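Subject: A structure for you

Hello! Here is the structure I promised to pass on, and my notes follow below it. Please have a look at the model before you read on.

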Amino acid sequence: MDTSEAVPLRLPQELVDHIIDHLHDDPSTLKSCARVCRAWLPASRFHLFAKVSLKATSPQNGPALPQERCKRLHAVLVQSPEIISSIHELEICEGSPLHHSYSDLQSSTTWVTTERTLTALFKMLTHVKRFDFSATSLQFWTLLPPTFQHALYTLLSLPTLSYVRLHSWHFPSFSSLVSFLSHCQNLKAFALSSTNIGNDGDGGTDLTSQPEEKEDKPRTPLEVLTLDFVNFAYLEYWLLGRAAMVDIRYLRELRVSHFHDAETIEKLLLAVGGTLEHFHLKPGIWNVRPFNLSVNCGLRSIRLTLDDPSTAMEWAITLLSTISTSNAVLERVGLEFYADPKKITGWSDLDSLFMQPELVSLKQVDIGLFAIPTHVDFIAVKEEMQGLTNKDCVRWYQLGIKSQRSSRQLTPRISRYESSS
């Protein structure tokens, strides 16, 4: 055979694109693929620009000025506008990483309102699905210039936008938050973290004067709601009031951490009923109360994060005791005990509860303890819960180090609502 006449092997472009898809989380390799040939560029570029993060990097990754990144991105998009449709996630952080040692990062603390290309980006981007706007210190909505607010409204009004997360924000009033969200056309997931919504003045609020949506404008049902260290006095009115401004009939996921009003969350669980699939609760300083989860017959997973040793076991047993035969599709239970295991009693009672018919068919049980697996306290808990330990469905693991206990972020299980948008 004359090998000099052999034709070079060419893989079908669909197969090449499929291979590149598997590199979606490997930026360095994607950059190499983008330089191979023109045919490899679109698939590589699609993943390289899928998520844009405009924030100062952590000390481990070295210094970076987000405003410089913003300028470069704007210049790239002006030169190559075909990239715009590849940007599906936008993450912005006002401020610098905490405890950094780089003096040149100080100028980034107020960059979002001073960098003109950011408002230009808000108007250029047309395919954003997820938007995350955070700050390293409290960001006051009223301090943002009107031109910035209006540019941001352009981004929020994108029909593709389905997820919004706000971290470390302050809205002066309930009506200001309502106005902010009124620009969203297809919002399916909303997360508030370390955020305060004011009470509309000290003299009280006339709720009947709050803006209402037009009758001819259909509301997209909210599927995911996260409330993480949030002060929101009018949450019940917003979600459950006579003229509720959010459609929660199809809420699939609810995550609550250190919210001030347990009664409102209980009412929300009752109102949502069987559509709820995932429930994550971190009660904080709440008194133990028996949320009736039997009404949430569609629950597939429950996660309970506990950090008060005096109430941790009572919370776990009380909440799981409300599970009944109506929760037939429940597959997974996660319990996180962020407290010294030897200060918590009642492990054998918890073990007995998992042997009950309502919980015996679980496919996965995750139990996290604030101790290393080889520690005597960790081993003692496993021995006291021997019935559960002997089952194949249980996973025991060590929780994070003590310095991580202050972490406030609860990340939603983004799934069907995003793929369907």
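Helices α11 and α12 cross in a left-handed way, meaning that the near helix is turned anticlockwise from the far one by less than a right angle (clockwise would be right-handed). Helix α11 covers residues 312–321 and helix α12 residues 347–354; their axes come within 10 Å and cross at roughly 15 degrees. That makes α11 roughly parallel to α12, since angles under 35 degrees count as roughly parallel, over 145 as roughly antiparallel, 65 to 115 as roughly perpendicular and the rest as oblique. On the α11 side, Met-313, Ala-316, Ile-317, Leu-320 and Ser-321 meet Trp-347, Asp-349, Leu-350, Leu-353 and Phe-354 of α12. By class, the residues of this contact are 8 nonpolar, 1 polar and 1 charged.

A few notes on terms. This is a predicted model, in which local features need pLDDT of at least 70 and side-chain atom pairs count only at pLDDT 80 or more, while totals for chains, interfaces and linings use all residues. Residues are numbered from 1 along each chain as its sequence is written, and side-chain values use heavy atoms, with hydrogens and water left out. Helices are DSSP runs (H or I, at least four residues) numbered from the N terminus. Axes are lines fitted to C-alpha atoms over the stretch in contact, with angles from 0 to 180 degrees between N-to-C directions. Contact means heavy atoms within 4.5 Å. Ala, Val, Leu, Ile, Met, Phe, Trp, Tyr, Cys and Pro count as nonpolar, Asp, Glu, Lys and Arg as charged, and the others, Gly among them, as polar.

Next comes helix α6. Helix α6 (residues 116–124) packs with helix α7 (residues 146–156) at an angle of about 30 degrees, their axes 7 Å apart. That makes α6 roughly parallel to α7, and the crossing is left-handed. Here Leu-118, Thr-119, Phe-122 and Lys-123 of α6 meet Phe-148, Ala-151, Leu-152, Thr-154 and Leu-155 of α7. The contact divides into 6 nonpolar, 2 polar and 1 charged residues.

Helix α4 (residues 66–79) also meets α6: the axes come within 9 Å and cross at roughly 40 degrees. That makes α4 oblique to α6, again with a left-handed crossing. Among the α4 residues in this contact are Cys-70, Leu-73 and Leu-77, and α6 contributes residues including Leu-118 and Leu-121.

How many cavities of 30 Å³ or more does a search of the whole structure find? It finds 1. A cavity is a set of points on a 1 Å grid over the protein atoms alone where a 1.4 Å probe fits but cannot get out, and lining residues have an atom within 4 Å of a point. Pro-283, Gly-284, Leu-306, Asp-307, Asp-308, Thr-311 and Trp-315 line the largest cavity.

Best wishes

How values were computed:
On a 1 Å grid over the protein atoms alone, a cavity is a set of points where a 1.4 Å probe fits but cannot get out, and a pocket is an open set with protein on both sides within 12 Å along at least five of seven lines; lining residues have an atom within 4 Å of a point. Grid points are joined across faces, edges and corners, and a volume is the space filled by probe spheres set on the points. Helices (H or I, at least four residues) and strands (E, at least two) are DSSP runs, numbered from the N terminus.
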